[in-house]
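Colleague: Before I use these labels, I would like to hear what stands behind each one. Please go through them with me.

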Amino acid sequence: MTWLGDELGRIADEMPQRDLGAAVLERHQRRRRTLVAFAAAATVVVTLLAATIGTRTLLAEPRPAVIPLERSSISVGVVPTVESAVLHVAQRMGYFREEGLSVRPVFLQSSAVGVPLLDLKRLDLAQLDYATLFMANASGKDFKLVTAFHQSAPGTLALVVNVTSKVRTVAGLKRKEIAVPGLRGLPTLALTAALKRAGLTSEDVMLVETSYPEMLGGLERGRYAAALLAEPFITVGRESGQVRVVGDLTSGDLANVQTSGMAATEDWIRHNPRTLAAFQRALGKAQRLVAADPEQARAALPTYTKISEKAVANVTLGSYPSKLDLTHLTRIAVLARAHGWLKRLPEPGEAVATTE
């Protein structure tokens, strides 16, 4: 029993040491696994950081140079009426400048004046009323509309007389002189339609070409019996007590119709696609602004016409659509054909640039 007791005692004495050794070994193994896991995690983090830094480095690399516009400066012909207000809004708001484009407005007495200037490349773009455009192309020109510009409203175009005149109706103008901005064009086409409704023809009156600002003075001096005025000149004449309206020409055939657009030659459009796109973006931005806030157009009027801030509030603006509507083009073409201004009815779609 002594031997057995001694042996059992020895075993009992050794057991705590064996447990301690096992514990130490187990802790060492856990620590090693932890270090291995940490090293693996660190490797993943480093790899991700390297990838992220690499991606950021790639993103930070300089972008390819933007292709410049073919032209940084263009000349644009416009008639100084409410129709061109949206272009002046784009100027005032800096929309052209944001596109890297400098636009120089060239004021025209009528759209017809813009035809030879476009043809001779003295203008890059011009405001052309749709009647003028159709007639120019019928004579062999290659003008294309690149954007809509203005849509009429009651009161934007009118036949007026001096307040002292005895003429009370359009019919009363037989054998009298009427001042017009051009012998051909949408305003005169509107006058022709009004004369017909009154039982007259264009041969029953005498048309005299002159500018809108000069018409008011001519009426006051008795130079003309009547004048074909557009806004804001109608309001200027009324506010000064000079004129009386005898016929609203934006009614009947021309009620709420798109009247004009910006046009260029096919050759210019083909050689200046980026410049044209920049112009369209800037003008489109102004058109959307004015659609939301018409007062922007009123605020622009004194920058290019002689009108007081008081009179501006009473001006009839019309609207400034950003999309060309072939229905409106067709209305103008049909009316021009009906009055013998066109030998055949044109296809309206052929007058629109493919970039639109």
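Modeller: The second largest pocket is lined by Leu-183, Arg-184, Thr-188, Thr-192, Lys-196, Leu-200, Thr-201, Ser-202, Glu-203, Leu-207, His-339 and Trp-341. This is a predicted model, in which local features need pLDDT of at least 70 and side-chain atom pairs count only at pLDDT 80 or more, while totals for chains, interfaces and linings use all residues. Residues are numbered from 1 along each chain as its sequence is written, and side-chain values use heavy atoms, with hydrogens and water left out.

Colleague: What makes a set of points a pocket, and what makes a residue part of its lining?

Modeller: On a 1 Å grid over the protein atoms alone, a pocket is an open set with protein on both sides within 12 Å along at least five of seven lines, whereas a cavity is a set of points where a 1.4 Å probe fits but cannot get out; a lining residue has an atom within 4 Å of a point. The volume is the space filled by probe spheres set on the points, which are joined across faces, edges and corners. On that basis the second largest pocket holds about 200 Å³ and the largest pocket about 260 Å³.

Colleague: How do the residues lining the second largest pocket divide by class?

Modeller: Four are nonpolar, five polar and three charged. Nonpolar covers Ala, Val, Leu, Ile, Met, Phe, Trp, Tyr, Cys and Pro, charged covers Asp, Glu, Lys and Arg, and the others, Gly among them, are polar. Helix α6 (residues 186-197) gives the most to this lining, with three residues. The lining of the largest pocket has six nonpolar, one polar and eight charged residues, and α5 gives the most to it, also with three residues.

Colleague: Why is His-150 called buried?

Modeller: Buried means under 20% relative accessible area, exposed over 50%, and partly exposed in between, with a 1.4 Å probe and protein chains only. His-150 has a relative accessible area of 1%, so it is buried. Its contacts (heavy atoms within 4.5 Å) beyond four places in sequence include Val-82, Glu-83, Val-257 and Tyr-320. A polar atom of the His-150 side chain also lies 2.7 Å from the backbone oxygen of Leu-317.

Colleague: Is Arg-175 buried or exposed, and why?

Modeller: Arg-175 is at 62% relative accessibility, over 50%, and therefore counts as exposed. Arg-175 sits in the loop between β5 (157-162) and β6 (177-180), and has a positive phi of about 65° although it is not a glycine.

Colleague: Which label does Asn-256 get, and why?

Modeller: Asn-256 has a relative accessible area of 41%, in between the cut-offs, so the label is partly exposed. Asn-256 is in the loop between β9 and β10 (258-265). Its phi is positive too, about 50°, and Asn-256 is not a glycine.

Notes
A polar contact is a pair of N or O atoms within 3.5 Å; within protein, one must be able to donate a hydrogen and the other to accept it, and residues adjacent in sequence count only if both atoms are side-chain atoms. Helices (H or I, at least four residues) and strands (E, at least two) are DSSP runs, numbered from the N terminus.
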